[in-house]
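Reader: I would like to learn how to read salt bridges in a model. Please take me through some cases.

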Amino acid sequence: MNISIRGVRGSIPVTGSDTAYYGGNTSCVVVSQNDFMFVLDGGSGMTKFHLPESSPKKINVLLTHLHLDHIIGMGFFEPFFDPEMEVHIWGPKSNSGSLHSRLSKYLSPPLFPVSLRDLPCEMFFHEIENSQFELGPFNIQSQYIIHPGPTVGYRVSNGKSVFTYIPDHEPMLGRPASHHEKKWTSGYNLAHGADLLLHDAQYSALEYKSKTGWGHCSMNDALEFAQLTEVKKILLTHHDPNHTDEQLNQLFGELKKSETHSINFELAAEGMKIVLP
C-alpha cells in the first residue's frame, strides 16, 4: 500500500516561505497499490494529482465531508475534464440534500465558473454512512465521527496493512481521553490497531481551550487517541493555517519532551510518501 500525502493544511490554503516545509495545501491523500489508486479528499492538494498514462480510465474520490477546504481542489481535478474518464465520488449521506446537490452548490456559478453537470467525464455518486465496501484490492470502512456536519473517517485495508484517515475530528469533546470508554469513543473502530493513522491535530493544547467544539483536535489529544486505539504510528495533520514551519517545529519539540507514552508520531508534510506492506 503506497500513501502519498498531497495536502496537510487545515481550514484554508496558505503560501509563503514560512510554510514551505510542511506545505500549505489543504487535505488530499492518494492511496495506491500496483495499478489501482484512489484519492482521499479534494482539498487544494488535489490540483497536483495526475493519473499515470497507463492507468485505467476510472478513478474514485472518497470525501470525508464537504467543508470548503476539503473540496476546493475538485474544480481543478484533471480527470473531471477527460470525456473518457469514469469518476466515482463517495461521501457522507446527509438529510440536507443529496451528495450531488450539495457538491453542486460549490461547483457552479457564482462560486465556480464550471457547473458539475457540465463536466465531460462520466460521473457517479455514492452516499455512505457507517459502511463497508471494496475498491480494487482495498477493503474500505467508513464511519461517522465528531465534526460539524456529516463527516466520516476511513479505514483502508489491503489484507496485510491498515491505514486510517481522519483529518477532521474532535474525539475528546466534553471529557479527557482517560475518561473515555473505547466503544463510545468517536473513531475508535476506524483507528484500532492501524499501522498508520493520519489524524487531525490542528491546535496546541493551549489553543484548544478557546476552540473546544470547533470540530478539531489538539496535538496532545491526538496522541491520547493514538494511545487509546493502539495504533503503530500517527501522523499529525490538518495544521493550523496560522502555524508557520518554525511554530510547528517548536510545538513538535515540546510534544517530544513532554510525551510520556511510547507513541510513534511525527508531523505530516506535503510530499511525504509512505509504503505499508
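Author: Start with one pair in this predicted model. The side chains of Glu86 and Lys58 form a salt bridge, with an N to O distance of 3.9 Å. Glu86 belongs to strand β5 and Lys58 to strand β4, so the pair links distant parts of the chain, 28 residues apart.

Reader: Why does a pair at 3.9 Å, N to O, count as a salt bridge?

Author: The cut-off is 4 Å between a side-chain nitrogen of Lys or Arg and a carboxyl oxygen of Asp or Glu. The Glu86–Lys58 pair, at 3.9 Å, is therefore counted.

Reader: Is Glu86 buried, partly exposed or exposed?

Author: Partly exposed, because its relative accessibility is 23% and buried means under 20%. Lys58 is also partly exposed, at 44%.

Reader: How many salt bridges does a search of the whole structure find?

Author: The search finds 5. Among them is Lys57 with Asp82, at 2.6 Å from N to O. Lys57 sits in the loop between β3 and β4, and Asp82 in the loop between β4 and β5, so this bridge ties together parts 25 residues apart in sequence. Lys57 is partly exposed at 40%, whereas Asp82 is buried at 18%.

Reader: Which residue does Asp195 meet in a salt bridge?

Author: Asp195 pairs with Lys232, at 3.0 Å from N to O. Asp195 is in the loop between α2 and β11, and Lys232 in the loop between α4 and β12, so parts 37 residues apart in sequence are tied together. Asp195 is buried, with a relative accessible area of 16%, while Lys232 is exposed at 55%.

Notes
Residues numbered from 1 in each chain as written. Predicted model: local features only at pLDDT ≥ 70, side-chain atom pairs only at ≥ 80, totals over all residues. Heavy atoms only, no water. Helix = DSSP H or I, 4+ residues; strand = E, 2+ residues; numbered from the N terminus. Buried < 20%, exposed > 50% of the residue type's maximum accessible area, 1.4 Å probe, protein only.
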